[in-house]
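Below are a few friendly notes to read alongside the model.

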Amino acid sequence: MFSLNLRTKPYGKTAFGIGLGITVTYLSLIVIIPLAALFLKSSSIGWEGFLKLLTDDRIVAALFLSFGAGAIAAFINLFLGFLFAWVLVRYEFPGKSLLDSIVDLPFTLPTAVAGIALTTIYSKNGMIGKLFDPYGIKIAYTPAGIVIALVFIGFPFVVRTVQPVLEEFPKELEESAYCLGANRWQIFTKIIFPELIPSLVTGTAMAFARGIGEYGSVVFISGNLPGKTEILPLLIVTKLEQYQYEEATGIAFIMLVISFGILLGINILQTISARRSG
């Protein structure tokens, strides 16, 4: 009989070298070189320039607003995203496929369109805004409107990271725990939730990262009031329009360092929780 010799390795050093070269080249062109250019351009202002930026009232206000609103929106998405993922996986109901498709709408919808739509809905005369206006509650052109926009654009990240984990979770573990006398709350807290922690952390981190850098959907609903509703990405664009390139890149570099530090901390916590659950 004719037989094939399958002992040879399917991937050799040549394939590894080509794949590694393509990966490094792509990473350099897309990530490393642009970040290096940002660092070199921003370094021209010196330490005194960075200190001046960090003590500028307008920049500090925009910094706290961007990261504060991003953190609040990510925290809200943590709960809403988990709830949506749980409902989509654990229950069957009419319109489930349609609801599952709508979750991806913020991915496909242009951010400017999303910002205009949210502003129209939550403005003083909007469908939802007019319900709160008689009580003196304003949503559009306030930090609350910024949070709503960031919740909208970050929501799918949590759903799409948690949903596959729930779908692949073995039902036998729940059945075994139930047979051993565990109630529903104990099954959820002791068996299901620990397995979801890494995906919840990942989805929340992605929503937070997207939120702090968001521009299109926020610029309309924020009102862009300096010191009140002005976000960092808008401030960077303003500096660029005024030909203040050094200050713009300096703000961007500060934003990059803070974002990297926060995401690094989140990844460390995710690694620790994954090891404990494993």
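**Notes on cavities, packing and rings**

1. Let me begin with the largest cavity, whose lining consists of Leu53, Leu54, Ile59, Val60, Leu63, Leu232, Ile251, Ile254 and Met255. A cavity here is a set of points, on a 1 Å grid over the protein atoms alone, where a 1.4 Å probe fits but cannot get out, and lining residues have an atom within 4 Å of a point. Helix 2 (46-55), helix 3 and helix 13 (245-277) are the elements giving two or more residues to this lining; helices are DSSP runs (H or I, at least four residues) numbered from the N terminus.

2. A word on the basis: this is a predicted model, in which local features need pLDDT of at least 70 and side-chain atom pairs count only at pLDDT 80 or more, while totals for chains, interfaces and linings use all residues. Residues are numbered from 1 along each chain as its sequence is written, and side-chain values use heavy atoms, with hydrogens and water left out.

3. The largest cavity holds about 60 Å³ of space, and its lining has 9 nonpolar, no polar and no charged residues. Ala, Val, Leu, Ile, Met, Phe, Trp, Tyr, Cys and Pro count as nonpolar, Asp, Glu, Lys and Arg as charged, and the others, Gly among them, as polar. In total, the structure has 2 cavities of 30 Å³ or more, a volume being the space filled by probe spheres set on the points.

4. For the second largest cavity, the volume is about 50 Å³. Its lining includes Ser66, Gly211 and Glu214, and divides into 8 nonpolar, 2 polar and 1 charged. Helix 3 provides the largest share, 3 residues.

5. Helix 3 (residues 57-90) also packs on helix 8 (residues 143-168), at about 40° and with the axes 5 Å apart. Axes are lines fitted to C-alpha atoms over the stretch in contact, with angles from 0 to 180 degrees between N-to-C directions. The contact residues divide into 23 nonpolar, 5 polar and 2 charged.

6. Finally, the rings: a search of the whole structure gives 10 aromatic pairs (ring centres of Phe, Tyr or Trp, the latter by its six-membered ring, within 6.5 Å). One of them, Phe82 with Phe188, is tilted, at 5.8 Å centre to centre and 50° between the planes; under 30 degrees would count as stacked and over 60 as edge-to-face. Phe82 in helix 3 and Phe188 in helix 10 are 106 residues apart, so to speak distant parts of the chain linked by the pair.

Note on methods:
On a 1 Å grid over the protein atoms alone, a cavity is a set of points where a 1.4 Å probe fits but cannot get out, and a pocket is an open set with protein on both sides within 12 Å along at least five of seven lines; lining residues have an atom within 4 Å of a point.
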